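Have the sequence and the 3D view open while you read.

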Amino acid sequence: MSDQISAAVAHARLGEHRATHLPREHSSGWVGLSVMAVLFGVFGFGSLLADGPVFLSATCTPAAIATGWWAVRAARKAATKGRVRLDLFEHGMTYIDHRGQLSAFRWDSMQVKQSILKQTADFGTVSQTSFSYRVVGDDGAAATIEGSHEGNTAVDAWGPAIQEAVTIAQLPAAVVRFRQGDTLRFGNLIISWDQVAAKGKATPWTQIETAYVANGQLYLREKGARRGKVFSQINQIPNYYVFYALLELRLSSRT
């Protein structure tokens, strides 16, 4: 562990080290793109200089420029990705982004928003699932951590670990405040023992039959209604698992 990380851990009092997660080895796709750019360039510019077929130079020259541009982007991505590092600790985490910027966050005070994007291929099959975690500390420090199921990534390990640690650290105190009648805010959502509100519109618990999640959205179904109404996008709710636990607690308390 570097001196930079050790200093951040000591300052934020993050405790014992639990795990280190590095990005998967970046593919050498930029090499193949570079080769393609050279080949397109040979045919395109070569045909132009040798007064060859016009269609050949008109087709291959733009392809060489476009492929070369993508090769440069891929090479830059491969060069900067090696700096990324995520470390999980007893009481929080540190993250170093592609610029080399280090941020430290504590489980008991940070906010995390999770966004899941499923890319579908032919016949509706999911070809890739990407995850993006937007993390914000109480000091305003922020970071976006991304991963996917494609390749050798550890998103299935560090993603749930972050959500679980935040929930364990923050839910007990939130439950105590909730039962005492305090109003808790989760981004644009407000929840209390009497009601739940989104975008300034409050709904008393006495009117809510149930809550459920579908297609990345949280629905509330009011009594007498056949269908639920969209209450919020999941990716817009900070510390969603804490919020949903309070919601379930209040709904179950009526039985």
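## The β9–β10 pair

Start with L189: its bridge partner in β10 is A198. This is a predicted model, and that bridge belongs to a pairing between strand β9, covering residues 189-191, and strand β10, covering residues 195-198. The two strands are antiparallel and share 3 bridges.

To get from β9 to β10, the chain goes through a hairpin with 3 residues in the link.

## On to β11

β10 has another antiparallel partner to look at: strand β11, residues 201-204, joined to β10 by 4 bridges. Which residue of β11 stands opposite A197? That would be A202.

Now check the turn here. The hairpin of β10 and β11 has 2 residues between the strands, and K199 takes a positive phi in this hairpin, near 55 degrees.

While you have the strands on screen, one reminder about side chains: in a regular strand they alternate between the two faces of the sheet.

## Zooming out

How many helices and strands does the protein have? The tally is 5 helices and 14 strands.

The chain has 255 residues, and 35% of them are buried. As for the surface, the protein exposes about 15200 Å², with 54% of that supplied by carbon and sulfur atoms. Contacts tell a bit about sequence separation too: take those between residues at least 6 apart in sequence, and 49% of them join residues at least 24 apart.

Technical notes:
Residues numbered from 1 in each chain as written. Predicted model: local features only at pLDDT ≥ 70, side-chain atom pairs only at ≥ 80, totals over all residues. Heavy atoms only, no water. Pairing = 2+ DSSP bridges. Buried < 20%, exposed > 50% of the residue type's maximum accessible area, 1.4 Å probe, protein only. Contact = heavy atoms within 4.5 Å. Areas by Shrake-Rupley, 256 points an atom, 1.4 Å probe, with all protein chains shown as cover.
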